[in-house]
Amino acid sequence: MDSTTRTIDEQYMRRCLQLARNGQQNAKPNPMVGAVIVAPLTSHLSPLTSKIIGEGYHVRCGQGHAEVNAFASVRPEDEHLLSQSTIYVSLEPCSHYGKTPPCADLIIKKGVKRVVVGCIDEFAEVQGRGIKKLRDAGIDVTVGVLEEECKALNRRFFTFHRLHRPYIILKWAQTANGLIDDNGKALAISSDFTKMLSHKLRAEEDAILVGRVTNEREHPQLNVRNWVGTDPKRLVIDRQHPLNLDVLHAHGIQSLIVEGGAKTLQSFIDDNLWDELRVETAPFTICKGTRAPQIPCGASLFDSSSYDGYLVQRFLNTLRP
């Protein structure tokens, strides 16, 4: 593939990713997927070489997938362009019957010339079968355009299906000198704005967990009162009630926030049972308190933002299975 084609493919794949994110709340438990249909322009009067004739994303579980919605958006006067068109999809088209028919079959029926896929679907019912079906039908298929970005978009979905457990986010707030409480007593560390961001995170994830001591000492509500959305499922663990990942997987919980105290957080770190860290550092210090966990080996910083002196950093686990 030449560099010009690669650049064009990446441009339209970025649009797929933009569209896919619109399904963040309602596509669950399905992955977020975006699709763009692009037709070539033959008019010498236009400075453009192609145009988008259809777009779509997976809006809601049980309803049409991104490809279905993209084809449905094509105007009747542009239908004749499909035979020369390329469809870009952030995730491999499905090849099996679920709540909706296979998207690979629809693409073949529509007769598009080329398919560009962001990443292969790791779900057991797909895993390359959709791509094989398209190629067997004689369609030119390119795979792996913005692959890492496409995988990152659905890292919860992939973790759930590959590791048979939720995507686990360890989260804590600490003072500038690395303490999470005031000499064993609860301490308000977050600002109003960063607290709102924490509630936004809760609205995006399926469940939230604390340890028994935190639950009894602080009586946390663990809801989204400072944001709009659904409250995550509330979980409390202790020695008598340990975390059972098989149960969470069986209940379809794809993501879990751990907001426990230092011991609870450290236990997840020691077992290498985490995928992401979210650490907020406030711009003030206190004299004594419980020390926050150390950022573990293998943690790779991928996002850092400052809000009026409050630093929020996010890390990915490079040493997970």
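Visitor: Which backbone oxygen lies 2.8 Å from a polar atom of the side chain of Gln 254?
Guide: That oxygen belongs to Pro 29, and its distance of 2.8 Å counts as a polar contact because such a contact is a pair of N or O atoms within 3.5 Å, where, within protein, one atom must be able to donate a hydrogen and the other to accept it, and where residues adjacent in sequence count only if both atoms are side-chain atoms. The structure is a predicted model, in which local features need pLDDT of at least 70 and side-chain atom pairs count only at pLDDT 80 or more, whereas totals for chains, interfaces and linings use all residues. Residues are numbered from 1 along each chain as its sequence is written, and side-chain values use heavy atoms, with hydrogens and water left out.

Visitor: Why is Gln 254 called buried?
Guide: Its relative accessible area is 8%, and buried means under 20%, with exposed over 50% and partly exposed in between (1.4 Å probe, protein chains only), so Gln 254 belongs to the buried class. Gln 254 sits in the loop between α9 (245–250) and β9 (255–258); these names follow DSSP runs, helices being H or I of at least four residues and strands E of at least two, numbered from the N terminus. Leaving aside residues up to four places away in sequence, Gln 254 touches Pro 29, Arg 156, Phe 157, Phe 160, Pro 166, Tyr 167 and Asp 206, where contact means heavy atoms within 4.5 Å.

Visitor: Why do β2 and β5 stand at the edges of their sheet?
Guide: The sheet is open and of mixed pairing, with five strands in the order β2-β1-β3-β4-β5. Each of β2 and β5 (140–143) has a single partner strand, so one side of each is left without a neighbour in the sheet. Strands count as paired if DSSP finds at least two bridges between them, and strand β4 (residues 114–119) pairs with β5 in the parallel sense over four bridges. Across this pairing, Val 115 is opposite Val 141 in β5.

Visitor: How do you know that strand β7 is largely enclosed?
Guide: Five of the five residues of β7 (residues 207–211) are buried, so the strand is largely enclosed by the rest of the structure. In a regular strand the side chains alternate between the two faces of the sheet.

Visitor: What makes the pair of Phe 157 and Phe 158 edge-to-face?
Guide: Rings of Phe, Tyr and Trp (its six-membered ring) pair if their centres lie within 6.5 Å, and planes under 30 degrees apart count as stacked, over 60 as edge-to-face and the rest as tilted. The count under this rule is three aromatic pairs. Phe 157 and Phe 158 have ring centres 5.8 Å apart and planes at 65°, so the pair is edge-to-face. Phe 157 is buried at 5% relative accessible area, and Phe 158 is likewise buried at 5%.

Visitor: Why is the pair of Phe 193 and Tyr 307 called tilted?
Guide: The centres of these rings are 5.2 Å apart and their planes stand at 45°, so the pair is tilted. Phe 193 in helix α7 (residues 192–204) and Tyr 307 in strand β11 (residues 299–307) are 114 residues apart, and the pair links distant parts of the chain. Phe 193 is partly exposed at 39%, as is Tyr 307 at 26%.

Visitor: How many disulfides are there?
Guide: The count is zero, where a disulfide is a pair of cysteine sulfur atoms within 2.5 Å. For Cys 61, the nearest cysteine sulfur is that of Cys 94, 12 Å away, and Cys 61 is partly exposed at 22%. Cys 150 is in no disulfide either, as the nearest cysteine sulfur, that of Cys 119, is 5.2 Å away; Cys 150 is buried, with a relative accessible area of 1%.
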